[in-house]
Amino acid sequence: MKYILILMGKIVAFLCKLIGRGSNFPGEFVSIFDKNILKKFRLPKKVIVVTGSSGKGSTTRIIANVYKMFGFKVAYNKEGGNQTAGVITTLLKNCTLGGKVKTDVVVLEMDERYIKYVLPIINPSDVVITNITRDQPPRQRHTDFITSEIKKGLSENMHLYLNADDPGIQKFALNVKNKITYYGISKLKTSYKNNLFVALNSPRCIKCHSKLNYDFYHIEDLGNFKCSNDKCDFKTPKKDYEVTDFKDKTITIEKNKIILENDMLYNIYNTLAAYSVLREAGLDKNKICEYISNLNKDKKIFNRYTLNDREVFVLNNKCENSSTYNQSMLYTYNDKGKKTIVIGWQEISRRYLWDELSWLYDVQFELLSDQDIDSIIVAGPQRYDIAVRLKYAKIDEKKIKIHNDLYDAKEDLLKSKGSIYAILNFDYVNDFNRVMEDLK
Amino acid sequence: MKINVLCLYYDIMNLYGDTGNIKVLTYHFDEQNIKYNIDYLSIDDTIDFSKYDLVLIGSGNENNRFICLNHLLKYKKDIKDAINNGTFFLVTGNAISMFGEKLYDKDALGIFKFKVEEAKERISKEVILENKIVSPIYGFFNHQDIMYGNDNLLFKDEGILYKNFYGTFTLGPLLSRNPEFLEYFLKKLIKHKDKNFKFKKINTDLNVKAYNQFIEFKKTKVFNSHKK
């Protein structure tokens, strides 16, 4: 029965591939006949799972590709199915008819909510939890809930990888016996002493609920922290892998350099997480750096170009995830020159009909108010809601230009001055680049 | 005139953009040339409720809410006195559940008669709340509480209105999204302090556009999804 089912699954996966779709369907299909199909696979020793609110896709991609460059055979859910069916699909494509996964390594990006179903069965050797931030509140409730949901899938034998700079993520290290590898960033030029943001994810000590003190921040509540209560020992853990320098899209780690895809802070953390996993697997550090840099060198850069001698930055964000927008706020804040900002999206959520707006008040738009802003162009169905938020961030209403969509905004874009920072939901990036093409 | 505001549990009861309401109020205080002071206090502070004209509390996760309730219990009488003396409260999201007699199996503040049980399923949805005060309230619920025995409803089927206590399960930016309610609340608050206050124009032009646009948008969005 198992053989027939796996054969059928493989055929379905092949047909799906022909029509260019179906990162989930083959997995869903075989699950109809056998709910416990996941238990029928035999996996290699090295199974790496990456989860978290953001960055899991990039981290997975780096780990899988570098393994391949080292010459290993790798199974990974490249097509993006990151729930149970997506995992089954990935394993189906890479196994023998007997269910033995033929690759040396399995690397899986996984949705936070499916960890508890899948991990107890596939029992991965390594688990990376990139971050737990405010994300899709109508679906994810809050960070405490997501943390406890992920914990349900973890067991002692799994090697965990955690961001040392993130106080909230340390909940996974509390009262557990797991081997834990910590990564983080030392004080950089862009680090700051006085908090620019509201601590959204971990406002207090996770052990005693006292306030946290910081030597410096990288962003939001990430930085070098220590509990204000003398009797409590909670502080930034010792980092096993540390980025010691960052400039011109290049990070220094263990004295080697890695060229990043772009110079956003989240990129450093994703790369660091991947680097830590690869290093702990015993791979050569010089080669890892070379391979990651090569991955990024080949990439065509869409996020930075010039328009009629003006610099254009296209910053990708996720609606209902205030942390992504806060990264963009900090990025523009660090450029002290004159600028025009564009903010907008097509849809707040693709998952549900509701339009939740509370996260707009978790984004520190106040950081825009003391910059040299020519104008702020807002577009999309919630353009007035964005404008209202900007008004309450003390931004001069006259500077806010409101448009139905980005095509409507062409004239204002041409008239505007300074560098252009487009802070967009991912579903508006193509539209924006098209408009920019037209204006050239 | 100076308005004293307490933003209570600003750090751990600010789960869904709730402190946005402070940004809204201070903007309009500035606009009306009203002086104000805001105290941001939390679980390690001592609170003198008699000092304030307005107290704001927002949403929290289940653990933090019990930590706050524990901290608030010693102020039970002070809170009751403040409410009876006309102090304004603006309580958004699941914070309102702390003001009943029971919150799940724990004793709550006992200011109001209701009891709160834990819902089996999370109540997470967009809401349009009809009411007797202003145009329907647009908002969002994201909590896990069921309230029994509440007879001081603020909106239809929901919330608490008692003297100047305004509580609702609507979370986050209640005031910015509902300009009529914002104006109503702002005027009540200021007139309570100074009966003869001469108001300048309350600038809610953008808010009104956002409110109307949202209604229009929802019509097309539902329509489109039916087409699919």
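Let me start with a convention: a residue is buried if 20 or more other C-beta atoms lie within 10 Å of its own, exposed if 12 or fewer, and partly exposed in between, with the C-beta atoms placed from the backbone. Lys193(A) is exposed on that count, because it has 11 other C-beta atoms within 10 Å. What we have here is a predicted model, in which local features need pLDDT of at least 70 and side-chain atom pairs count only at pLDDT 80 or more, while totals for chains, interfaces and linings use all residues. Residues are numbered from 1 along each chain as its sequence is written, and chains are lettered from A and ligands numbered from 1 in the order in which they are written.

To stay with Lys193(A), this residue sits in the loop between strand 6 (180-185) and strand 7 (212-219) of chain A, where helices (H or I, at least four residues) and strands (E, at least two) are DSSP runs numbered from the N terminus. Its C-alpha atom is 6.2 Å from that of Tyr217(A), although 24 residues separate the two along the chain.

Two other lysines deserve a word on backbone geometry. Most residues other than glycine have a negative phi. Lys249(A), however, has a positive phi of about 60°, and this residue is found in the loop between strand 9 (241-247) and strand 10 (250-253) of chain A; it is partly exposed, because it has 16 C-beta neighbours inside 10 Å. Lys255(A) likewise has a positive phi, near 65°, in the loop between strand 10 and strand 11 (256-259) of chain A, and with 10 other C-beta atoms within 10 Å it is exposed.

Now to the domains, whose bounds come from an automatic or database domain assignment. Chain A is divided into domain 1 (42-87 + 101-297) and domain 2 (304-439), and their C-alpha centres lie 28 Å apart. Taking two residues as in contact if their C-beta atoms, placed from the backbone, lie within 7 Å, 18 residues of domain 1 of chain A meet 21 residues of domain 2 of chain A. On the domain 1 side, helix 6 and helix 8 (265-280) of chain A are the elements that give two or more residues, and helix 6 of chain A has the largest share, three residues.

Between chains, 26 residues of chain A are in contact with 33 residues of chain B. On the chain A side, helix 6 (137-140) and helix 12 (383-392) each supply at least two residues, with the largest share, six residues, coming from helix 12 of chain A.

What about the interior? A nonpolar core is a set of buried Ala, Val, Leu, Ile, Met, Phe, Trp, Tyr and Cys residues joined through C-beta atoms within 7 Å. The largest such core has 114 residues, and those that touch the most other members include Val342(A), Ile423(A) and Leu54(B). Helix 12 of chain A gives the most to this core, with six residues. Domain 1 and domain 2 of chain A both give residues to this core, so it lies between them. Apart from it lies another core, of 68 residues, among them Tyr67(A) and Met110(A).
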